[in-house]
Amino acid sequence: MIVAKTARLELRQFSVADAEGFYRLNKDPQVLKYTGDTAFVDVAQAASFIANYDQYRLTGFGRWSLYLSDTHEYIGFCGLSRPNAMADVDLGFRIARQHWRQGYATEAAQAAIMLASTRYGLSRLIGRAKLDNLASVSTLEKLGFIADPNVCKDDIWRHFSLNLDDNFADSEHVNISII
């Protein structure tokens, strides 16, 4: 199911049909370098992960698969996550390496931020990136996220937050359509 469209992307709820693309995305060591995740063993394991993904049922939102609008190619995912009822909602994104540095993460994240505010009524999001993941740090800053200055020196993660009431993402230039 498509949840939003931008000028170049479709954000869709995870589907078992995404398993091949999700598997390929997560088997690239450069893509996983800054995530802390491990690669799926095979497409079946990716399909099982998707089939058991319960964020939509638990929270109404989740991470969404990203497809190029013109070719319908799977290029990654972006979206919201709340690991438990008391946790802050996290914005996350992961893009296939051949599509890096083309603005897709920013474009998809702007759509996710708009959904967070308008559809889900959220007023705050968090984000995190490893300190040496300069591309993700830059993307979060471009989106208006503010780095937490109180990071302990042993932490390898940089923590960010975005107050949606004060700093709503300007979505006009990406032509976001909420479905």
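Let me start with Arg57, which at 66% relative accessibility counts as exposed, where exposed means over 50% relative accessible area, buried means under 20%, and partly exposed lies in between, computed with a 1.4 Å probe on protein chains only. Its salt-bridge partner is Asp54, with the closest N and O atoms 3.6 Å apart; by salt bridge I mean a side-chain nitrogen of Lys or Arg within 4 Å of a carboxyl oxygen of Asp or Glu. Asp54 itself, at 30% relative accessibility, counts as partly exposed.

A word on the source: this is a predicted model, in which local features need pLDDT of at least 70 and side-chain atom pairs count only at pLDDT 80 or more, while totals for chains, interfaces and linings use all residues. Residues are numbered from 1 along each chain as its sequence is written, and side-chain values use heavy atoms, with hydrogens and water left out.

To stay with the charged pairs, a search of the whole structure finds nine salt bridges. One of them joins Arg97 to Asp28, with the closest N and O atoms 2.9 Å apart. Since Arg97 lies in the loop between β5 (90–95) and α5, and Asp28 in the loop between α1 (19–27) and α2, the pair ties together parts that are 69 residues apart in sequence; helices here are DSSP runs of H or I with at least four residues, strands are runs of E with at least two, and both are numbered from the N terminus. Arg97 is partly exposed, with a relative accessible area of 40%, whereas Asp28, at 13%, counts as buried.

Another salt bridge is formed by Glu141 and Arg158, whose closest N and O atoms are 3.8 Å apart. Glu141 belongs to helix α6 (residues 134–142) and Arg158 to strand β8 (residues 157–163), so this pair ties together parts that are 17 residues apart in sequence. Glu141 is partly exposed at 41%, and Arg158 is partly exposed at 28%.

Of the 15 residues of α5, 13 are buried, so the helix is largely enclosed by the rest of the structure.

Within α5 sits Ala112, which counts as buried because its relative accessibility is 0%. Leaving aside neighbours within four places in sequence, Ala112 is in contact (heavy atoms within 4.5 Å) with residues including Trp64, Leu80 and Leu91.

Finally, Thr35 lies in the loop between α2 (29–32) and α3 (43–51), and at 18% relative accessibility it counts as buried. Its side chain reaches the backbone oxygen of Leu32 at 3.0 Å and the backbone nitrogen of Asp37 at 2.9 Å. These are polar contacts, meaning pairs of N or O atoms within 3.5 Å, where within protein one must be able to donate a hydrogen and the other to accept it, and residues adjacent in sequence count only if both atoms are side-chain atoms.
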